[in-house]
Amino acid sequence: MRGLFCGKGDRNEADGSRGLGVRTLNLFGRPRHGRRDLRNRGAFLGKWDESHLSVSRLVAVSPSEDGVVGWAALARVSSRAVYGGVAEVSVYVADNFRAKGIGKALLKQLIAASEQNGIWTLQASVFPENIASLALHKICGFKVVGTRQRIGIVNGIWRDTVLLERRSEIVGN
Ligand SMILES: CC(C)(COP(=O)(O)OP(=O)(O)OC[C@H]1O[C@@H](n2cnc3c(N)ncnc32)[C@H](O)[C@@H]1OP(=O)(O)O)[C@@H](O)C(=O)NCCC(=O)NCCS
C-alpha cells in the first residue's frame, strides 16, 4: 500500500455524484469516444449511480500513476425493509496493481464504512475459478454460504457462482 491512498469516491465538487463511475469507466476502458459512446457512457453512469449506495464508495489512488487503480462500492440487494441492512460488495483492482494489498485495503475499509452506515450483512457473488477474490473475501471475514447453480449467463454460457457473506458483529446485535 505504500504510495497509495484509499479514499472516498462519492460526491465531490469536481465530479458530482457520479465521480466514481467516471473513474471506473476510465480505469476499465469502457467506450469513451464519439456521440453514441458518450450517450452509452451517460446511460451506464446513470445506472451505476442508481444501483450503488451513495455511502461507502471508495477509490484507491496512486499518486505516481496519477489516477485511480482500484475501487469498491456497495449495492442494496432488496428494496424490502427487512433486508435494509444487507448489501452486495464490488471490489476491483487494475491488472498491474494486483497482489499488492490494494484489494484487501479497499475491502477492509468498505466493511468499516458499511458498519458505520448500519449495514449488518455483506454478500459477494464470485465465480468459482476466481481464486484471488475468494481468498480476499475469506481473509476479510466472509464465509461461504454455498454454490448457486447456473445462476447467471455470460456470453451464452450458464455460470455457477459462490455466494459468500459476512455478518457484522457490531451492527444489528
Ligand atoms: C479480487 C481482487 C480485487 C483482489 O485484489 P488484490 O489487490 O490483487 O488483492 P490483495 O493483494 O489485497 O490480496 C488480498 C489477499 O488475497 C489473496 N490473493 C490475492 N491474489 C491471489 C491469487 N491470485 N491467488 C491466491 N490468493 C490471492 C492473498 O492471499 C492476499 O492475502 P495476504 O495479503 O494475506 O497475502 C483483484 O484480483 C481483482 O480486481 N480481480 C478482478 C475483479 C474481481 O474479481 N472482483 C471481485 C468480484 S466481487
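Predicted model: local features only at pLDDT ≥ 70, side-chain atom pairs only at ≥ 80, totals over all residues.
Ala 75 finds its bridge partner in β4, and that partner is Glu 88.

**β4 and its two faces**
- β4 spans residues 86-93 and has one covered face, made up of Ala 87, Val 89, Val 91 and Val 93.
- The uncovered face of β4 carries Val 86, Glu 88, Ser 90 and Tyr 92.
- So much for the faces; Glu 88, the partner of Ala 75, sits on the uncovered one.

**On to β5**
- β4 also joins strand β5 (residues 121-126), this time in parallel, through 3 bridges.
- Ala 87 has its bridge partner in β5, namely Leu 122.
- Between β4 and β5 the chain passes through helix α3 (residues 102-116), giving a right-handed β-α-β crossover.
- Ala 87, the partner of Leu 122, is on the covered face of β4.

**Around the ligand**
- There are 21 residues around the ligand, and the ones that come nearest are Arg 98, Gly 103, Lys 104, Ala 132 and Ala 135.
- β4, α3, β5 and α4 (131-139) each put at least two residues into the shell.
- α4 gives the largest share of that shell, with 6 residues.
- Sorted by class, the shell holds 13 nonpolar, 5 polar and 3 charged residues.

Definitions and conventions
Residues numbered from 1 in each chain as written. Buried ≥ 20, exposed ≤ 12 C-beta atoms within 10 Å, placed from the backbone. Helix = DSSP H or I, 4+ residues; strand = E, 2+ residues; numbered from the N terminus. Pairing = 2+ DSSP bridges. Right-handed = clockwise from strand over helix to strand, strands pointing away. Near = placed C-beta within 6 Å. Nonpolar A, V, L, I, M, F, W, Y, C, P; charged D, E, K, R; others polar.
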